[in-house]
Amino acid sequence: MSLSPAPSSTAAWAEAARIPVPFVYYQCPCRNLRASQGDVLSFDSLTQPPQGADILTLFPLPRLYFCQECARMCCPLCVAEEIACYYCPNCLFEVPTASVKAERNRCGRNCFECPVCENTLSVVSMVEPTPLAGAGGAGPAAIPASPGGSSSNNTHYLTCGACRWDSLEVGLQFERPTGLASQLQPHEDARKDAIEFENLRQHFEKFLKSKDANGPTPASHVGAGGLLRGLSGGGLNLPPSLLATIPGLASFASMSRRSSTLRAIRAEHKLEAYSSSVDLLKADDADRESAVVLSTSVTSLQQRLHQPNDHAVHKTALYPQRIQLRTKRSKRCRKCDHIVVKPEHKAQSTRFSIKMMASNHVPSITLAHPFPDKLEWDVPVRVIVRFTNPLDVPIQVALATAQSTIGTATADRTSQDLQNEPEEGNCQITLLAPNFVVDAARDIWDYDDDAATPAATLPVAVHQKARNFCCVYVQVTPKRPGSRQPSSEPARFVVETIKFSMLVHVQPLGHEQTSSTEVPGPEETAGTAAKPDKKAAGPLSCWVVIGLGDLIP
Amino acid sequence: MAATLPSVICDDSIIEGDIIVGSANVVSPKCSITVAKPGSRIVIGDGNVFEENVKIVHSGDGEMKIGDNNIFQVGCVFEGLSIGSGSTIEAGANVLGTARIGSNCVLGAKCTTSTALPDNTVVFGTAHIRRVQTRSNRLQANLHARHLEYLREVLPKYHHMRSD
Amino acid sequence: MEDPPCVYDRSEYIETDTGNKVSRYSVICGSQNIVLGGKTVIQRDCMVRGDLRRTGAGHAVVVAIGRYCFLGERCVVRPPCKTYKGQFNYYPMKIADHVFIGEDSVIEAAQIGSYVHIGKNCIIGRFAIIKDCCRILDGAVVPPNAVIPSFSVYGGNPARLVDELPESIQEVYEQHSKEFFEEKFVLA
């Protein structure tokens, strides 16, 4: 997860796009499946390891979901999201979907954010001066106190904890400490574009009413209902779904069905010229011209972009914004439309009604200790990779790397071929344990303390095997990419990440098959049929990219 | 605060060197106020609050002057030349070099300054944005007075106090 | 990559009967007002101010920390204070289970939910409320009175929403803190 602030240069962008090492990232099969192959996720469909821009389809295991119907992993890119509920991130109150549109996706209670630093504002009241009992000092003219003081004769204002901005700088005060949004409503209605919109609406309504007076007027269509018919008659065929998004006209969307039968209205009356009573653009220009001179009192670009409705040029016009709502989303698998994640409707709850995550079905792969402290070119190191089995049946894991699965490269490759073939990696991998079995996961108290398989009986290249995990060795030799074509890449990265792709094929074994002390030989294919089970977990394959460290080429 | 109230200094704090402490200050445990060079000294006014892990280091010559009613929050470092009255140095902030902080200033959390801050300046954020604050200092003055009262009452109950 | 095992000296840590491991070099003020849930680790040079309590008689819990928490080195946990209805007071602070607090952080929040991962060098302002399953990045400064909703990642100074956490993060953090306590925090 790249979580740094916006980078400032190209090299910094390249840096930010890299996954921080060391990492183990999975590739979701949505990248490779094409419609022609159907939905079967077989071993053969995954022949291309992730390369180049595929880095964007790599995710760590906690981010991946698992659809049980399709028996495959889903990633954040291939799930369809639906909004389950809206809530305010500050007061954590749930907002019913109907009010969301009315409040324009912002909190309708007392939640405001500072125009300067975008943090939450808190309400502070200024009480009338009273002699401070016992302190003996002469207080200043108005003594601020925290909310909770008697609210009669008080002015309340907003203040920011981070930048110490307060709303008195823009002249904003409140009479009561609660219901601030409603107190701010007249100010919002007095904004220039809101006035303009109202004027436009009234102008059109007047025109359409007069048109209605001539045309047939069914009794049920009165008043603004004619607006809808007029719109469709005047050539603006607005579908009901679009009308539903315009505040104020949403209720007329349902009337559109009837209006389509009455399209015999002719636009006889011409629309009168509309003269705006509020001159929006000219006022802005005047503001800007004067603001060029006084540069200290002008808002910054980021502040302006954060409040696009306000056109605030001067800092004195920077009003606090209401806080935008956030959503809880439920996710579905795109193929079969089954819900993969469904949160609870309560905004404050962190539980889920349905939660099918990949970590419960796919073995978790991590780099275990001891980890090689430094990597050098052409020096082989041994990395210990731990496979943890989340299922309640033992699994057989088969590993392969790009170097062993892809066909050999021939000397006379054309540039066309190069595009189709995977690019050379920057390290040489030897999988010392390509096949092994990992035991089933059981409850904590079922495990004995020292039940780890003793080292003498471990198959070759298995470092440790206990409980429901198994650690294997992988030998990695970073190799300078000398044979790679001269780079057509525009930017030369300063460091190179040593990473390799590994194809992991997981075959769940039946309950009766316990882990044997011998690793099944290579002639036993990984496609051994498992005994049919009630919850038959099928085989699973995916590419995993393991990044070890950075080296300067 | 009455000028004759003694300062409350916890025993765990480190106070070394020639330091003149005014009245009614509160020094929390694990705070350190040190003078590096033997010839120089620190003059601290009245009613300041030094929270834990604060480091006031005077490594230069002459006098470092700390005014009245300032608050030094957790973990800040002050190595500047002087600070006025009623200012706040927030958690993790650093004042280095030859900085002179004015009165009613706020140096935000994790901000660093080595230049002068005029009166009524607020510095905050990674970008060290500066702006001028107008009235919030009144809120803080009230809070500060009561804070001092509280600390003077509670700290001696839980910590050993230094008597000088 | 998994975390390396953290080796500690038996003589350095005091183990309570509920399984908490508190370093002898940490500074715990007012320990009678501090409640530790059990299996919590407090590393060296930490400061927990249990002495800043509400004025008033009786036993008050000032800092309540849940189970499987981890307080990194040199972090400062102190309750928040404000003036309410003319009276100045420190308010109790509640930290729930499975909370990881990184080194050198200053926590003055009013409430921290479960499964929260706070990075190094963070400053959590007064009366901040951090709900369950959140992550605060290294070096973040959360301003006072902020509310951090669930499943969010906040970073920067002043802290802003940077990312959202996956739904399985609760299991990830739970396993991380349990594994740390059971396996990684080993005696020398």
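**Notes on the predicted model**

1. In helix α3 of chain A (residues 180–189), the buried residues are A:Leu180, A:Ala181, A:Leu184 and A:Glu188, where buried means under 20% relative accessible area, exposed over 50% and partly exposed in between, with a 1.4 Å probe and protein chains only. Because they cover an arc of only 75° around the axis, they lie on the same side of α3(A), the arc being that of the directions from the helix axis to the C-beta atoms. Helices (H or I, at least four residues) and strands (E, at least two) are DSSP runs, numbered from the N terminus.

2. This is a predicted model, in which local features need pLDDT of at least 70 and side-chain atom pairs count only at pLDDT 80 or more, whereas totals for chains, interfaces and linings use all residues. Residues are numbered from 1 along each chain as its sequence is written, chains are lettered from A and ligands numbered from 1 in the order in which they are written, and side-chain values use heavy atoms, with hydrogens and water left out.

3. Chain C holds an open sheet of 6 strands in the order β4-β7-β10-β15-β18-β21, with parallel pairing, two strands being paired if DSSP finds at least two bridges between them. Its edge strands, β4 (27–29) and β21 (141–142), each pair on one side only. Within chain C, β7 (residues 47–49) and β10 (residues 76–77) pair in the parallel sense over 2 bridges, and C:Val48 has C:Val77 in β10(C) as its bridge partner.

4. With a disulfide taken as a pair of cysteine sulfur atoms within 2.5 Å, the count over all chains is 0. A:Cys111 is in no disulfide, and the nearest cysteine sulfur, that of A:Cys91, is 3.5 Å away; A:Cys111 is buried, at 3% relative accessible area. The sulfur of C:Cys134 is too far for a bond, because the closest cysteine sulfur, in C:Cys133, is 7.3 Å away, and C:Cys134 is buried at 0% relative accessibility.
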